[in-house]
Amino acid sequence: MAYVGFVGLGVMGQPMALNLARAGTPLVVWNRTPGRAEPLRAAGAEVAADPDEVFERADDVVFLMLADEAAVDAVLGRGTPRFAARVAGHTVVHMGTTSAEYSAGLQEDVRIAGGRYVEAPVSGSRVPAERGELVGMLAGDADAVAAVRPLLAPVCRESFGCGAVPGALLMKFSVNLFLITQVTGLAEAFHFAERHGLDQRLLREVLDAGPLASAVSRVKAPKLVDRDFAVQAAATDVLKNNRLIAEAARRAGLASPLLDVCHALFAETVARGHGGEDMVAVVRALEARTGDAAPDGARTPAAENGSREH
């Protein structure tokens, strides 16, 4: 049996791996917190004792869905003799979000060690991950990308080739820049409506009926209405993404004024202890800037105009 390796079973990685297992992909998985692997075991995957076992048992492809650069280096044993032993003869698929420079350097090291490398970040949060409706972006050597793309079918509703590394990460940064500014704007719109005494559920209905509705607004607006901060994409992760995009913009000499405002708001959200909540918790930073309680006797412009007419 030709096993595929999967390391990293967090908020995104676990549902992605489960979709692979349920589609019949023979998996060998590992996660630093062992309990996260139990649903995979129940779905028929093999659970490895450590990363060495994943690479030993995987015939070729090993997916890495890890939190940051330090976690990737640790799993690969980068900088140690274990690195070459693990990656030689394997295709390492880096699905997490790191800097473009880090990914380019990792590709070079993997190649030197006798492996192949594919950059494969995804667009989407927990719910699309559970539904197998993520959007994949792939970069790397054409033969390696061609080998990996069919494996992503149970995970991604569509995958796009983005040329050479780090093209896929830069594409994801472009997508996430739009996502971050869009959700921040949505949160500000609901904050504006709430402080003017408007019915937020009505605002949601108006948005849903009009041209501004999107898959994102239809997921995030109900969370704002219900003050449901259960994680789909954590504010801490959004802040990390924001920082990476901002750094890429600076290196290229690009202006990113909207992103910079969002960066400050998400930093405030995390600093106020809401980093583990969904990204719509950015509304908390807006509320803090306004003042946590709505002013007593606040009147809308419409009410004031009405009072002058009588």
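**View 1. Strands S6 and S8 side by side.** Strand S6 (residues 116–119) and S8 run antiparallel and are joined by two bridges. Strands count as paired here if DSSP finds at least two bridges between them. Helices (H or I, at least four residues) and strands (E, at least two) are DSSP runs, numbered from the N terminus. Look for Val118, which stands opposite Gly140 in S8. This is a predicted model, in which local features need pLDDT of at least 70 and side-chain atom pairs count only at pLDDT 80 or more, while totals for chains, interfaces and linings use all residues. Residues are numbered from 1 along each chain as its sequence is written, and side-chain values use heavy atoms, with hydrogens and water left out.

**View 2. The other partners of S8.** Strand S7 (residues 122–123) is also antiparallel to S8, with two bridges between them. Here Ser123 stands opposite Val135 of S8. With strand S9 (residues 156–161), S8 pairs in the parallel sense, over five bridges. S8, helix H8 (residues 142–148) and S9 together make a right-handed β-α-β unit. Right-handed means that, with the strands pointing away from the viewer, the path from the first strand over the helix to the second runs clockwise.

**View 3. Both faces of S8.** Buried means under 20% relative accessible area, exposed over 50%, and partly exposed in between (1.4 Å probe, protein chains only). In a regular strand, side chains alternate between the two faces of the sheet. Leu134, Gly136, Leu138 and Gly140 point one way from S8, and Val135, Met137 and Ala139 point the other way.

**View 4. Ala144 in helix H8.** Ala144 is found in helix H8 and counts as buried because its relative accessible area is 0%. Leaving aside neighbours within four places in sequence, Ala144 is in contact (heavy atoms within 4.5 Å) with Arg116, Tyr117 and Val118.

**View 5. Gln107 in helix H6.** Gln107 lies in helix H6 (residues 100–112). This residue counts as buried because its relative accessibility is 10%. Beyond its neighbours within four places in sequence, Gln107 is in contact with Tyr117, Gly140 and Val165.

**View 6. The largest nonpolar core.** A nonpolar core is a set of buried Ala, Val, Leu, Ile, Met, Phe, Trp, Tyr and Cys residues joined through side-chain atoms within 4.5 Å. The largest one has 31 residues, of which Phe6, Met16, Leu27, Leu40, Phe63 and Met95 touch the most other members. Elements that each supply at least two residues of this core include strand S1 (3–7), helix H1 (13–22), S8 and H8. H1 gives the largest share, five residues. Leaving aside neighbours within four places in sequence, the contacts of Met16 include Phe6, Met95 and Leu134. A second, separate core has 29 residues, among them Ala221, Leu224, Leu265 and Val280.

View 7. Cys162 counts as buried at 17% relative accessibility, and Cys262 is buried at 4%.
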